[in-house]
Amino acid sequence: MFAEAIEDILENQCTPAEVRAIEAGGSPAALWQTLADTGFLELLASEADGGAALSLPELFPILSSFGRYAVPVPLAQTIVARALLGSKQAIPAAMITFAATLHREADGAIACPLTPFGKVADFVLARDADDALLLPAVSAQRQSTGVSRSLTATLTWPNERGATRVPSGGTALTAFAAALHAALLSGAMTRVFEMTLQHCNNRHQFGKSLGKFQAVQHQLSVMAEHTASASIAAEAAFRTVDTVPALRSAAIAKSRTSEAAQLVASIAHALHGAIGITEEYDLQLLTRRLHEWRMAHGSEAHWNLRIGQDVLFGDMSLVEFVRSVSPYER
Amino acid sequence: MGFSAAFSKKLAERGWVGVTLPSQYGGANLDAFSRFALVEELLAVGAPVSAHWIADRQSGPLINKFGTDTQRRFYLPKICAAEAFFCIGMSEPNAGSDLASVGTRAARCDGAWRLNGRKIWATNAHRCHYMIVLARSSGEPTDRQKGLSQFIVDLSLPGVTVRPIHDLAGDAHFSEVFFDDVLLAGDALVGNAGSGWEQVNAELAYERSGPERIYSSIVLLEYWIKCLRGSPEAAIHAANIGRFATHLSTLRNMSIAVTAKLAKGESPLVEAALVKDIGTEFEQGIPSLIEAAIAMYPDVPVDADLYRTVAYVSQIAPSYSLRGGTREILRGMIARGLGLR
């Protein structure tokens, strides 16, 4: 029910026009204020702190809908960051994003390369060994990637001054960053699939709709298979009674959704034809993100390597390993 | 999947054959999840379970769901005791993917049935006691799905000829079966005359969704992992192993989701088709990748068992996306589920 109410709000507030405006450099402040006023930021906070105290299984469809609506602000990251930071850290309703990595230069400078929403975020939460570091973006130099309409940026700070250390927040950050991007990817893929199916029903060539051609039907079936796989994998990372996704489940979720993202985007564009790569058609809002999110916080290549090493350097058989990460066993 | 009547018998003695069937017929009254856990264990170690497999997976549940009480009392205890092995009688030489065009005919004669025609690609028919035959009990092949019925055929009856077919891997695991004026008792019919098509589809949902649709190459994969552990090649292939783990984990979760629908009494045809299509792609990808991997460095010695196993699995892997419905048929079913057909 929560998820449906939230979808209604996104439908009205986070319109394709709004997404385009913010991507073009417009201020995200009004959209952010609306989302904050609606109570979005406290979805994971305890009821004592005025939050909704959602469980992770309840959070999953909501994060997924952020992907579906291509939300152009770090809403998923902020919800999770506020839970990780806890009520002890008195933080205003600022935009917090996650850095994929943190580099320290010899002179003490800090760099967070290719940070999602780096262009607009107020704070960056970065993993620093076992800890996490909350860095104020206002004191950072922001370097755009040069990718058209992307909100990703590289942020650098001359030193650590102004940063807040969150002891032992590192692992949770890595797992959550991977899992939340898996949820975003699955939501965006579902929408891309729906748009493609609709297009194939509406568009006629050779006297019949595209969906009547067997070659097209089979491409849509493959797309459905990978979209369903991605949703199942992403959902599994959130199917836990814990407050943080397990790292291995998050790894599997991010890998499987990232692999599917490329394929789903590619079939969507193939079936849409030239209209799909135009600016005015909404498909691009989602497929650009599929590629960006596939690469954010480790692509399938990164996570497959880590999972493979866990299997090969462990002593479980593959079936035992797979069962050990299954959310259905506990 | 190996065939061992003795192994099936031992499993049956433990009560591990027909676990989903009612206890009054020798089953264990367990749900589909319990069967999932059991067959996963068996498949993971490559146990020789094919003798009782079809009866356990689909023939038993079919008889339980659509059969008469007399049929249940006669067949189900034998299935649970691993004394009756079943095979599938769907495909014919001229009815493969186009199953609705079956030409095998069952004609009524004095309260009994006379069966004529032939079935093909029936796994283990030459080692089974019974076949459930999809036959036309009225009308013409042009009537397609209408007029089809299912019959339990005792393969020792006069007029039945079973001819094993040798395959490219040196095995003879499937057969062609001929029916020449085979006289069937009136109670050979399962379910209602004319309901064969619906019954076959319910049966196929069992066939398509189970763990065996994701574990066909698992013994090979586990053995490759064993060989890689501690070897210099482990680092090179770690990402490939990780990808297989990721896919297997996701497919297993999907298969459990379909099992949940079966457990609720639904017949999730489209979901089962979806899991089977993507599952066989995974299963076929395993020998394909391992062949390339173990021949990556010609000067590195290859484990003899691994070499033999990958060759066998590669040769037999095309069957994964043929049995239980070809890739094209399954994608057509998914498209129908999407409202495109």
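How many helices and how many strands are there in chain A? In this predicted model, chain A holds 11 helices and 10 strands. The radius of gyration of chain A is 20 Å, close to the 20 Å that the globule rule gives for 330 residues, so chain A is as compact as a globular protein of that length. The C-alpha trace of chain A spans about 65 × 55 × 45 Å along its principal axes, and 50% of the 330 residues of this chain count as buried. Among the contacts in chain A with a separation of 6 or more, 71% are accounted for by residues 24 or more positions apart.

Within chain A, four strands form an open sheet in the order β1-β4-β5-β8, and the pairing in this sheet is mixed. The edges are taken by β1 (96–98) and β8 (164–166) of chain A, each of which has a single partner strand, so one side of each is left without a neighbour in the sheet. From one strand to the next, the twist averages 30 degrees.

The contact between the chains takes 34 residues from chain A and 34 residues from chain B. On the side of chain A that touches chain B, the elements giving two or more residues are α7 (214–238), α8 (247–272), α10 (300–312) and α11 (318–324) of chain A; of these, α7(A) gives the most, with 11 residues. By class, this side of chain A has 20 nonpolar, 11 polar and three charged residues.

For chain B, the domain assignment gives domain 1 (5–84), domain 2 (87–194) and domain 3 (210–337). The centres of domain 2 of chain B and domain 3 of chain B, taken over C-alpha atoms, are separated by 31 Å.

Definitions and conventions: Residues numbered from 1 in each chain as written. Chains lettered and ligands numbered in written order. Predicted model: local features only at pLDDT ≥ 70, side-chain atom pairs only at ≥ 80, totals over all residues. Pairing = 2+ DSSP bridges. Axes fitted to C-alpha atoms, helices over the stretch in contact; angles between N-to-C directions. Contact = placed C-beta atoms within 7 Å. Nonpolar A, V, L, I, M, F, W, Y, C, P; charged D, E, K, R; others polar. Domains from an automatic or database assignment. Rg over C-alpha atoms; globule rule 2.2 N^0.38 Å. Buried ≥ 20, exposed ≤ 12 C-beta atoms within 10 Å, placed from the backbone.
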